[in-house]
Amino acid sequence: MAIVVERKRLSLLERTYLPQIVSGLFITIKNFFRPKITLEYPDQSPVLPRGYRGSPTLVKDSQGREKCVSCQLCEFVCPSKAIRIYPGEISPNSEYSFIEKAPKEFKIDMTRCIYCGLCEEACPERAIILQNEFSLNGYTRAELVRDKAALYAAGGVIPDKIMKWKKVKDNSELGGSH
Amino acid sequence: MENTFQFFDFAAILGAAECSWCDIALDILLKVVFALASIMVVMCFAGLSVVAERKVCAFIQGRLGPNRTAIPIVAAIPVLGNFLKKNGLMQLVADGLKFLLKEDPLPKHVDKFWYMMAPVMSLSPVLIAACVIPFGAYWSGGAMRPLAAANIDISLVFALAIGSLGVYGSMMAGWSSNSKFPYMGGVRASAQVISYEIAMGLSVLSVVISVAADSSAPLSLFEIGRAQDTLWFCITQPLAALIFLIALFAETNRLPFDVAESEADLVSGFHTEYGSFKFGLFFVGEYGHMVVGSSLFIVLFLGAWNPFPGLSWPESWGWVSALFSFLTFIAKIAMMLFFFIWVRWTLPRFRYDQVMRIGWRVLVPLALLNFTAYLVMASI
């Protein structure tokens, strides 16, 4: 059964609206003098929260080796198909020759990327990392397709103390146990 | 008052009473200059209140408002440029330029003549009404004279009559646009203005009666302003002031009474079909109406050019006093405009039937009651 809620009878003063209008005016004038919450964006940058997912970038380790091994897992997992990897073999003369492959070219189409972070999750080498960069722009679509050089420039170096590849390489060359 | 249509007595100030023809020429020239000056005052205020509207509403909502628009060379001036930019004053220029330079489309389905006339009709009455507003007072030949383009004996009636002609602009726009939303807006605007005109006129009568006690021209705005050098009418007749103020909000189509262009139900009301410069004229007309309306309120109830109740600028100060009286009036207009904007960003809009109910069932009887009560009191 419906419950009838008795409405409060308004007094004559309340029915004139005027006291309510005056109190409303007080509220707005109080807001008028309050500090403003607008962030003047290009002049002030926002404080990004922890775990912010900005644009995906490729990183190198502290010895300057590219961490990506061209396994293409990120390419497969990418839901918007923004990543395209052209794997290539590392020549035996290279310093990093112990690793089999490295990307010949690595492209992320930033007009397609949805910043979901699945590439970062899928990467077994922690080579692709979503960073804090959020303002990407260009005059053409082609400008927004980041190639390998651009991705490394944006990514920088990640300090990696253990350097698994180096350990494995040293062990295989010096005959240590695995 | 010896002649009914007495203008500013320039010849007396400048001592140019020698030759008659140069006197007449000077008189005409000065009248033109003065008319332009009073239009300038209204237009400047209309423009500035657009910026003020945006700034005040932003501040009330915790935002900063327009503060980025910059005109290349002006913005480079060290301190001034930044000041203008931060306070959104260059936004004013940008808005004006936008209205001027935008393509001005003429919809096919409109009645062209009235469609073109409507914006003119909504702006021009405001500018005409502005010429009788005494923006201050000066002393010449031992007598106080108004700082108005035209000092006529019935300036109050003139201002109310001409000022309310602005609603023809809304009606014409609503009808000639040949589309349902403008039509509804026009109908609402006319109904609203007619209803509130009555309450407004009735509330003014009690002021006129009290001025009539010691003045031969009680319908002159100047005489009404002059009668308030001791006590302001908003103190002696608060109910009349309140009714006039509420009616003024309705007359100028400001919130909480802007049912004529309520965006929620009528897209943009009577000016839905307008764009670019014609819309700009409506826009300026609305703010001009606010300026003229608030100066009427100031003259009638807020002590005109007198700074405080019981205090007036002394005659012995001469032109300094005249300047101060003008500045006082300007400051009061600015305060009234702020109040208009402040109320707009505080209150929600009344429903159309509520507007009509407040007008006919509350304000008109109250104004009548106020008037009769005052009549009885005055006759005792």
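Predicted model: local features only at pLDDT ≥ 70, side-chain atom pairs only at ≥ 80, totals over all residues.
Helix 8 of chain B spans residues 166-176 and is mostly covered, with nine of its 11 residues buried. Those buried residues are B:Gly166, B:Val167, B:Gly169, B:Ser170, B:Met171, B:Met172, B:Ala173, B:Gly174 and B:Ser176. They pack against helix 6 (112-130), helix 7 (155-163), helix 9 and helix 14 (276-300) of chain B. Just after helix 8 of chain B comes B:Asn178, which takes a positive phi of about 55 degrees.

One of these neighbours, helix 9 (residues 180-212) of chain B, can be followed in detail. The axes of helix 8 and helix 9 of chain B lie 7 Å apart, and the two helices pack at an angle of about 155 degrees. Because angles over 145 degrees count as roughly antiparallel, helix 8 of chain B is roughly antiparallel to helix 9 of chain B. Their crossing is left-handed. On the helix 8 side, the contact includes B:Val167, B:Met171 and B:Trp175, while helix 9 of chain B contributes residues including B:Pro182, B:Tyr183 and B:Val193. By class, the residues of this contact are nine nonpolar, five polar and no charged.

Turning to the neighbouring chain, 10 residues of chain B are in contact with 11 residues of chain A. Helix 2 (20-60) and helix 15 (319-344) of chain B each supply at least two residues of the side that touches chain A. That side of chain B has seven nonpolar, two polar and one charged residues.

Technical notes
Residues numbered from 1 in each chain as written. Chains lettered and ligands numbered in written order. Axes fitted to C-alpha atoms, helices over the stretch in contact; angles between N-to-C directions. Helix = DSSP H or I, 4+ residues; strand = E, 2+ residues; numbered from the N terminus. Parallel < 35°, antiparallel > 145°, perpendicular 65-115°, else oblique. Left-handed = near helix turned anticlockwise from the far one by under 90°. Contact = placed C-beta atoms within 7 Å. Nonpolar A, V, L, I, M, F, W, Y, C, P; charged D, E, K, R; others polar. Buried ≥ 20, exposed ≤ 12 C-beta atoms within 10 Å, placed from the backbone.
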